[in-house]
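Good morning, colleagues. Please bring up the model on your screens, and I shall take you through its ligand site and a few local features.

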Amino acid sequence: MEHSIALVTGTTSGLGYAAARILAGEGWREIFATGRSLALVQESAAQLAAETKRQVFTPLELDLDKPSSVQSALAEIVKRGRPIDFLLLNAGMVPGKKRVLTAAGVEASQAPLIGHHQLTVGLLRANLLSPNARIVIAGAEPARGGVPLFSYTDVPAFAAKYHQGDRTAAVEALIRNGPNVKYVPNNAYADAKLIIAWWVAALARRLPSGMAVYAVSPGAATDTKVVRNAGPALKYLMIPIVNLIPGMNQTPETAARRYLQASKFGTDVSGQFFASAQGKFTGPIEAQCHPHLHDRASQEAAWQAVVKVSGIDLLSRHP
Ligand SMILES: NC(=O)c1ccc[n+]([C@@H]2O[C@H](COP(=O)([O-])OP(=O)(O)OC[C@H]3O[C@@H](n4cnc5c(N)ncnc54)[C@H](OP(=O)(O)O)[C@@H]3O)[C@@H](O)[C@H]2O)c1
C-alpha cells in the first residue's frame with residue numbers, strides 16, 4: 001500500500017494516539033486524527049505534530065455515539081475528495097458499572113461499532129476508500145472466550161430462548177442491552193467485540209475485491225485509558241496481576257503496531273479476527289479459529305442487526 005492517507009479514530013489517547021504517531025513515522029502523507037471533542041483532538045494533533053516533527057495530522061471531530069457527528073465528519077472528508085488508504089477504527093471502551101445508553105438507545109460499548117459502520121459505509125458509498133484500502137477495527141481477546149472476568153453471550157441459545165431463533169433480533173438486543181439482557185459491564189464489552197468480529201466477516205463479503213477488512217486485538221496495553229470506567233475487580237485486581245506476569249502486558253506502541261501489521265495483510269485473510277495466542281495477551285497475532293467466530297449465520301445476523309440499528313446498509317457484492 002502506498003503511504004498516502006490514513007484515518008484513525010480515537011486518537012485523543014492510548015492506542016489511537018500511538019498508531020497515529022507510528023503512521024507519521026512511516027511516512028504517511030496525511031492522517032485524519034479523530035476525537036469526539038474538537039478541542040481535544042486539535043490538541044492531540046498539535047502534540048503529535050510536535051512529537052513527530054511532521055505536519056501531516058488533520059484533526060476531525062467524530063463522536064461515534066452521534067449519527068449527526070458521523071455525517072459531519074463524512075461531509076468534511078467528501079469536501080476534501082481524496083480517498084483513504086487505511087481506515088483504522090480504533091475507538092472503543094470498557095463500560096462502567098452504570099449502564100449508559102446513547103440517545104439512539106445503544107449500549108455505550110456497542111456504540112463505537114454503530115458509528116464505525118456508518119462511517120465505513122458512508123465512505124464506501126462516496127467512493128472515498130481507495131481500491132486497495134485496508135480497514136482495521138479494534139477487537140479484543142474476550143470475543144473468543146477464555147478471558148477471566150469476561151464472558152460473551154451464546155447468541156444461538158439466547159436467540160432460541162427469547163427470539164424464536166431469530167439471531168438478528170438477538171444481536172440487536174445485545175447492542176441495545178435489552179430486552180432480556182442483564183447488564184454486566186465486562187460481558188457487554190465481550191459481546192461488543194464478538195459482534196465486531198462477526199461484522200468484519202460479513203463486511204469482507206461485501207467489499208470490492210481489492211479491499212480487505214480485519215478485526216485486530218491490540219492485546220493488553222494497560223498504560224492507556226481503556227479501563228477508566230471499569231469496575232474495581234478489573235482495575236485493581238486483574239490488571240495489577242496481569243502486570244506482574246512477565247509477557248502479559250505491552251506498551252501502547254507495541255499494541256498499536258498490531259493494527260499496522262494487519263494493514264499489510266492480503267485480501268486472502270480478509271474478514272478474519274487476529275488476536276494473541278490462546279491464554280496470552282501479548283506476542284504475535286494469529287487468526288482465530290474458534291467455531292463461534294466462524295458461524296456464518298451469526299456473522300450475517302450481526303451485520304443485519306447493525307444495519308437495522310444504524311439505519312444504513314451497503315449493497316452486497318455476494319448477495
Ligand atoms: N488497552 C488495552 O489493553 C486493549 C486491549 C484490547 C482491546 N483494546 C481496544 O483498543 C481500542 C483503544 O483502546 P485504548 O486502550 O487506546 O483506550 P483509550 O486510551 O481509552 O482510548 C480510546 C479512544 O477511543 C475514543 N472513544 C471511545 N468511545 C468513543 C466514541 N463513542 N466516540 C468517539 N470516540 C470514542 C476515546 O475518546 P474519549 O477520550 O473522548 O472517550 C479515546 O480517544 C479500544 O477499542 C479498546 O477496546 C484495548
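This is a predicted model: local features need pLDDT of at least 70, side-chain atom pairs count only at pLDDT 80 or more; totals for chains, interfaces and linings use all residues.

Residues are numbered from 1 along each chain as its sequence is written, and side-chain values use heavy atoms, with hydrogens and water left out.

Let us start with the ligand. It is surrounded by 28 residues, of which the closest are Thr12, Ser13, Leu15, Tyr189 and Thr224; a residue counts as near if one of its heavy atoms lies within 4 Å. By class, this shell holds twelve nonpolar, ten polar and six charged residues. In that scheme Ala, Val, Leu, Ile, Met, Phe, Trp, Tyr, Cys and Pro are nonpolar, Asp, Glu, Lys and Arg are charged, and the others, Gly among them, are polar.

An N or O atom in the side chain of Ser13 is 2.7 Å from a ligand oxygen. From the backbone, a polar atom of Ala221 lies 2.9 Å from an oxygen of the ligand, and an N or O atom of Gly10 lies 3.3 Å from one. A polar contact is a pair of N or O atoms within 3.5 Å; within protein, one must be able to donate a hydrogen and the other to accept it, and residues adjacent in sequence count only if both atoms are side-chain atoms. On its own the ligand has 890 Å² of accessible area, and the protein covers 93% of it. Accessible areas come from the Shrake-Rupley method with a 1.4 Å probe, and for residues only the protein chains shown count as cover. The elements that give two or more residues to the ligand shell are α1 (14-25) and α7 (185-204). Helices (H or I, at least four residues) and strands (E, at least two) are DSSP runs, numbered from the N terminus.

Next, helix α10. It runs over residues 296-310, and its 15 residues reach 21 Å from the first C-alpha to the last, close to the 21 Å expected at 1.5 Å a residue; the expected span is 1.5 Å times one less than the number of residues. After the helix comes Gly311, with a positive phi near 75°. Which residues of α10 are buried? Among them are Trp303, Val306, Val307 and Val309. Buried means under 20% relative accessible area, exposed over 50%, and partly exposed in between (1.4 Å probe, protein chains only). The buried residues of α10 pack against α4 (111-125), α5 (155-162), α6 (167-176) and α7.

Helix α9 (residues 252-262) also has buried residues, including Pro252, Arg258, Tyr259 and Leu260. Their cover includes α1, β4 (84-89), β5, β6 (212-216), β7 (273-276) and β8 (285-287).

I turn now to the loops. His163 sits between α5 and α6. Is His163 buried or exposed? It counts as buried because its relative accessibility is 13%. Beyond residues up to four places away in sequence, His163 touches Phe158, Ala169, Ala170 and Ala173, where contact means heavy atoms within 4.5 Å.

The loop between α6 and α7 contains Pro179, and the peptide bond from Gly178 to Pro179 is cis, with omega near 0°. Asn180 lies in the loop between α6 and α7 and has a positive phi of about 65° although it is not a glycine. At 45% relative accessibility, Asn180 is partly exposed. Asn127, in the loop between α4 and β5 (129-138), has a positive phi near 60°. Asn127 is exposed, with a relative accessible area of 63%.

Finally, consider Ser109, in the loop between β4 and α4. Ser109 is buried, at 8% relative accessible area. Its side chain makes a polar contact of 2.6 Å with the side chain of Glu107. Leaving aside neighbours within four places in sequence, Ser109 is in contact with Met93, Pro95, Ala188, Tyr189 and Ala192. Tyr189 was also named among the closest residues to the ligand.
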